[in-house]
Amino acid sequence: MSAPIYTVVIAGMGKRGMHHAAAFHADPRFRVVGLCDIVADKLPAAAAKLGNPRTGTDAAKMLADLRPDVFCFCTMPTLRYDFIKLGVEAGVRLIAYEKPMALSSDEARRIMALVRQARVKTVVSHQHRYGAHYATVKQLIDSGAIGRVHTVYGHATGWMMHMMTHMIDYARWYAGNAEAQWVFGQAAGRRKLADLHPSPDYVAGLIQFANGVQGIVQTGACSPDVPEVEAWWRKCRVGAQGTEGFAEVLTGGGWRAVTRNGLLGGSGNMNYDLDMPPYIADMAAWLDDDRKVHCCSGEEAYKGFEILCAIMRSAADRGQVRLPLDDGRNELAELDRCLAAAPLAMTPLPDNAKEYGPAK
Ligand SMILES: NC(=O)c1ccc[n+]([C@@H]2O[C@H](COP(=O)([O-])OP(=O)(O)OC[C@H]3O[C@@H](n4cnc5c(N)ncnc54)[C@H](O)[C@@H]3O)[C@@H](O)[C@H]2O)c1
């Protein structure tokens, strides 16, 4: 019997929508049946590259008409719960969507309640895990080459709602996907709160994992530079320190390690053309077999997002925040109030737009 082909509707045909659509279109296990964007002008060129599926500007109507197996959406972070609900109501089996999975713990918890109740699989785009340089570091850590891991870290110059869920996801991965027990965080600056990826200008957090590993994460204006990497959005360093060395990846600059076998290193750069095909192929594997859970499942993403929300709560409330969270809140609104009341000395950020990265 030949393997089933899964139908896909994709909404949000911007940069990431096109990456996803191209990978679904190229994979023989999927058939792209619909493309949707509120900007109708984007659709003809996209459709021409993707087998000329149906196009439209209304995702609800398209889902109701086509009732696909998979709904993929790649919109700005302000649009998450409502599209998850549309997918669930249309009876899809899997929803693939972009990070960040939500803008608050309240929204993330409502998303998880909805998809768990409906038994809909979800996958969130932390696809750097498929980068060969990211995977090499994971293999080295798991091989024991750096001894017993005690610390993991991840930092990016990009701001929080863009980059922090990536940093937490990969740091957690390098920490053996351990459960987080508590988080401690601090934040500064309100300029990026008005961005489409609303964020404090600078955020830092400590994460205590149940296996004894501690994580250190930072994103935004005061995060360390990654001088080895030119491309601003790829200035991310994620790694692990162990009793016998360390191993780390730079999103735009390969990997390196000091191990019990000496100094190692290799090249590597973020490459959507290489990362997206296996990321998409693993969705078919999970649809085929419930046991083959996607490594970027919504459940994994939720654990990372809880950590991010706990960092924001810690910054707003002070002190450590226990995990798992047992209620939903709007952490960004709470941080906004608390940072507005902070004395200027608490936000010593340079008055220089370049420090905040390109407009996005
Ligand atoms: N995983 C990664 O590596 C990665 C990289 C870049 C961006 N992202 C994330 O991807 C998401 C999208 O970013 P992007 O750069 O592709 O944005 P984009 O602006 O290029 O694309 C978003 C598209 O969504 C469309 N849209 C908005 N509302 C819609 C609606 N109601 N129905 C249908 N279409 C709608 C817009 O018209 C636009 O074409 C963001 O959450 C961002 O953080 C992830």
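This is a predicted model: local features need pLDDT of at least 70, side-chain atom pairs count only at pLDDT 80 or more; totals for chains, interfaces and linings use all residues.

Biologist: Let's begin with the parallel sheet: which strands form it, and in what order?

Modeller: The order is E3-E2-E1-E4-E5-E6, an open sheet of 6 strands with parallel pairing. Neighbouring strands in this sheet are turned by 20° against each other on average, direction ignored.

Biologist: What makes E3 and E6 stand at the edges?

Modeller: Strand E3 (54–56) and strand E6 (121–124) each have a single partner strand, so one side of each is left without a neighbour in the sheet.

Biologist: How do you know that E4 and E5 pair?

Modeller: Pairing asks for at least two bridges between two strands. Strand E4 (residues 70–73) and strand E5 (residues 94–97) have 4 bridges, in the parallel sense, so the pair meets the cut-off of at least two. As an example, Val70 stands opposite Leu94 in E5.

Biologist: And what is the pairing in the sheet of 9 strands?

Modeller: That pairing is mixed, and the open sheet runs in the order E14-E13-E12-E11-E7-E10-E9-E8-E15. At its edges are strand E14 (262–266) and strand E15 (321–322), and each has a single partner strand, so one side of each lacks a neighbour in the sheet.

Biologist: Which way do E7 and E11 run, and how many bridges join them?

Modeller: Strand E7 (residues 149–156) and strand E11 (residues 236–242) run antiparallel and are joined by 7 bridges. Gly154 has Val238 in E11 as its bridge partner. E13 and E14 also run antiparallel, with 5 bridges between them, and a hairpin of 2 residues joins E13 to E14. There, Ala257 has Leu264 of E14 as its bridge partner.

Biologist: Now the helices. Why are H6 and H7 called roughly parallel to each other?

Modeller: Their axes cross at roughly 30° and come within 10 Å. Angles under 35 degrees count as roughly parallel, and H6 and H7 are therefore given that label. In their contact, Tyr134, Val137, Lys138 and Ile141 of H6 meet Tyr170, Trp173 and Tyr174 of H7. By class, this contact of H6 with H7 has 6 nonpolar, no polar and 1 charged residues.

Biologist: Which strands does H6 lie across?

Modeller: Helix H6 (residues 132–143) lies across E7, E11, strand E12 (245–250), strand E13 (255–259) and E14, and runs at about 165° to E12.

Biologist: What makes H7 oblique to H9?

Modeller: The axes of helix H7 (residues 160–174) and helix H9 (residues 298–317) cross at roughly 120°, coming within 9 Å. Roughly perpendicular covers 65 to 115 degrees and roughly antiparallel needs over 145, so H7 is oblique to H9. Their crossing is right-handed. The contact is made by Met164, Thr165, Ile168, Asp169 and Arg172 of H7, with Lys303, Gly304, Phe305, Ile307 and Leu308 from H9. This contact of H7 with H9 has 5 nonpolar, 2 polar and 3 charged residues by class.

Biologist: How do you know that H3 and H4 are roughly parallel?

Modeller: Helix H3 (residues 59–66) and helix H4 (residues 81–89) pack at about 20°, with axes 9 Å apart. The cut-off is under 35 degrees, and H3 and H4 are therefore roughly parallel to each other. Their crossing is right-handed. Ala59, Ala60 and Leu63 of H3 make the contact with Phe83, Leu86 and Gly87 of H4, and these residues divide into 5 nonpolar, 1 polar and no charged.

Biologist: Where in the backbone are the cis peptide bonds?

Modeller: One runs from Lys99 to Pro100, with omega near -10°, and Pro100 sits in the loop between E5 and helix H5 (105–118). Another runs from Leu323 to Pro324, with omega near -5°; Pro324 lies in the loop between E15 and helix H10 (331–340).

Biologist: What makes the phi of Asn177 worth a remark?

Modeller: Most residues other than glycine have a negative phi. Asn177 is not glycine, yet its phi is positive, near 55°. Its place is the loop between H7 and strand E8 (180–188).

Biologist: Last, which residues are closest to the ligand?

Modeller: The closest are Gly12, Gly14, Lys15, Arg16 and Glu98, in a shell of 24 residues. Helix H1 (residues 15–26) gives the most to that shell, with 3 residues. By class, the shell has 10 nonpolar, 8 polar and 6 charged residues.

Technical notes: Residues are numbered from 1 along each chain as its sequence is written. A residue is near a molecule or strand if its C-beta atom, placed from the backbone, lies within 6 Å of it. Ala, Val, Leu, Ile, Met, Phe, Trp, Tyr, Cys and Pro count as nonpolar, Asp, Glu, Lys and Arg as charged, and the others, Gly among them, as polar. Axes are lines fitted to C-alpha atoms, for helices over the stretch in contact, and angles run from 0 to 180 degrees between N-to-C directions. A crossing is left-handed if the near helix is turned anticlockwise from the far one by less than a right angle, and right-handed if clockwise. Two residues are in contact if their C-beta atoms, placed from the backbone, lie within 7 Å.
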